[in-house]
Amino acid sequence: VDHPDHKQAMAERASLSSLLAQSQDELPVKIVQDSYTEVHLPLGSQPSLREKYLNYHNSVRFGRILEDLDSLAVLICYSHTRNEELNMSPLSIVTALVDKIDMRKNIIYPDGDIKFTGNVTWVGKTSIEAKMHMSQYHNGAYSPVLDATFVMVARDPENKRAAFVNPLKPETPKEQQDFLQGEINKKRRVELSTGSLLKVAPTAEERTVIHRLFLNTLDPKTVSFRSRVLPPNTVWMEDAKMKGLEICHPQERNIFNRIFGGFLMRKAYELGWANACAFGGCRPSLVAVDDIVFRKPVEIGSLLLLSSQVCYTQERFIQVRVHTEVLDPLTRQHDTTNVFHFTFNVDKEVPAVMPQSYGESMLYLDGKRHFDETMRDHV
């Protein structure tokens, strides 16, 4: 449904198109400080705010924090691309991907003020990397809770095509190091996508892992390729799934009448958490979020199908993949919109998951790759 306010907003945005730069060189160079943003969430001093953020364990709902990080990343990019004469940014900023979110602390208290800070760390021609930190006031001081890296894409005012962003000039050694890291992150993403198991066969080492799993499930009585048995303390991947459905209401929309990325992240996180909880039989804590790519916008009125799969486990860790797709009820067409990767840990050892089909084996290896990458960063 097109709301009159929405139509007016879009007409106003369309008029900004003439202000777009034809090349990046036309735009003034910005420094890191231009986009530095600090936002306070006064959970301690404003109890009325707490209700929206509380879960039934009396700690903070992480899904809500994901929404806030997404909004903050947009705000940071608007500050970087702000046109001083206009006193605003003529661009539309869209979430392209969440490079990673690393948890520094498992618990977020319901009654301590939270502080978010962040700034632009790297820019390409049309994309912007923003790094954010969240800390919480507890026992008389702020202590770190998480670090997040988002990549946002600039589009024209009507969100139809890519648009140039202001170049960034890193000044301090730390800023130069962050900029370099942004380049490395970009290269790593390209390598990950070209080396994806959807395009390239697994490595020799990975093939050995899969074959060993297969041999472990052969029935010693029949010794045939067809008959498979579940080894002790393992669960078939087929039995470690959970599904969800969202109807995309206008309440969750952004100014382009599409569903807000933070909302999708919150829903995917909640389903992934529930799956890890059911699988581990106890309450999981988030260790990291990694590599969320926004492939396609989600329109209002779509049916959003979410499916979550525990795809890899090790000792007390559970790697969960949540795949979201949109179903257009009229054309019956399915389109993948996002894939999410979450690493959880629980306070007891969990069973191993066991793939049966080739497709499940690929999910298992993909999960293992994400888990290994996360653990490398956490050592």
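Guide: Happy to! Let's begin with helix 4 and helix 7, which are roughly antiparallel to each other because their angle falls in the class over 145 degrees (under 35 is roughly parallel, 65 to 115 roughly perpendicular, and the rest oblique). Keep in mind that this is a predicted model: local features need pLDDT of at least 70 and side-chain atom pairs pLDDT 80 or more, while totals for chains, interfaces and linings use all residues. Residues are numbered from 1 along each chain as its sequence is written, and side-chain values use heavy atoms, with hydrogens and water left out.

Helix 4 covers residues 62-80 and helix 7 covers residues 261-280; helices (H or I, at least four residues) and strands (E, at least two) are DSSP runs, numbered from the N terminus. The two helices pack at about 155 degrees with their axes 8 Å apart. Here axes are lines fitted to C-alpha atoms, for helices over the stretch in contact, and angles run from 0 to 180 degrees between N-to-C directions. Contact, that is heavy atoms within 4.5 Å, involves residues including Phe-62, Leu-66 and Asp-70 of helix 4 and Phe-263, Met-265 and Tyr-269 of helix 7.

Now follow the rings. Phe-62 and Tyr-269 belong to a cluster joined by ring pairs, together with Phe-340, Phe-342 and Phe-344. Rings of Phe, Tyr and Trp (its six-membered ring) pair if their centres lie within 6.5 Å; planes under 30 degrees apart are stacked, over 60 edge-to-face, and the rest tilted. By this rule there are 9 aromatic pairs. One of them is edge-to-face, because the rings of Tyr-312 and Tyr-364 have planes at 70 degrees, with centres 5.3 Å apart. Tyr-312 sits in strand 9 (residues 303-314) and Tyr-364 in helix 8 (residues 358-378), so this pair links distant parts of the chain, 52 residues apart. Both Tyr-312 and Tyr-364 are buried, where buried is under 20% relative accessible area, exposed is over 50%, and partly exposed is in between (1.4 Å probe, protein chains only).

Helix 6 (residues 204-216) packs against helix 8 at about 125 degrees, with their axes 11 Å apart. That angle makes helix 6 oblique to helix 8. On the helix 6 side the contact uses Glu-206, Val-209, Ile-210 and Leu-213, and on the helix 8 side Ser-361, Tyr-364, Leu-365 and Arg-369. This crossing is right-handed.

The loop between helix 6 and strand 6 (234-236) holds Asn-233, which counts as exposed because its relative accessibility is 60%. Most residues other than glycine have a negative phi. Asn-233, however, is not a glycine and has a positive phi of about 55 degrees. Glu-315 also has a positive phi, near 50 degrees, and lies in the loop between strand 9 and strand 10 (317-328).

Note on methods:
A crossing is left-handed if the near helix is turned anticlockwise from the far one by less than a right angle, and right-handed if clockwise.
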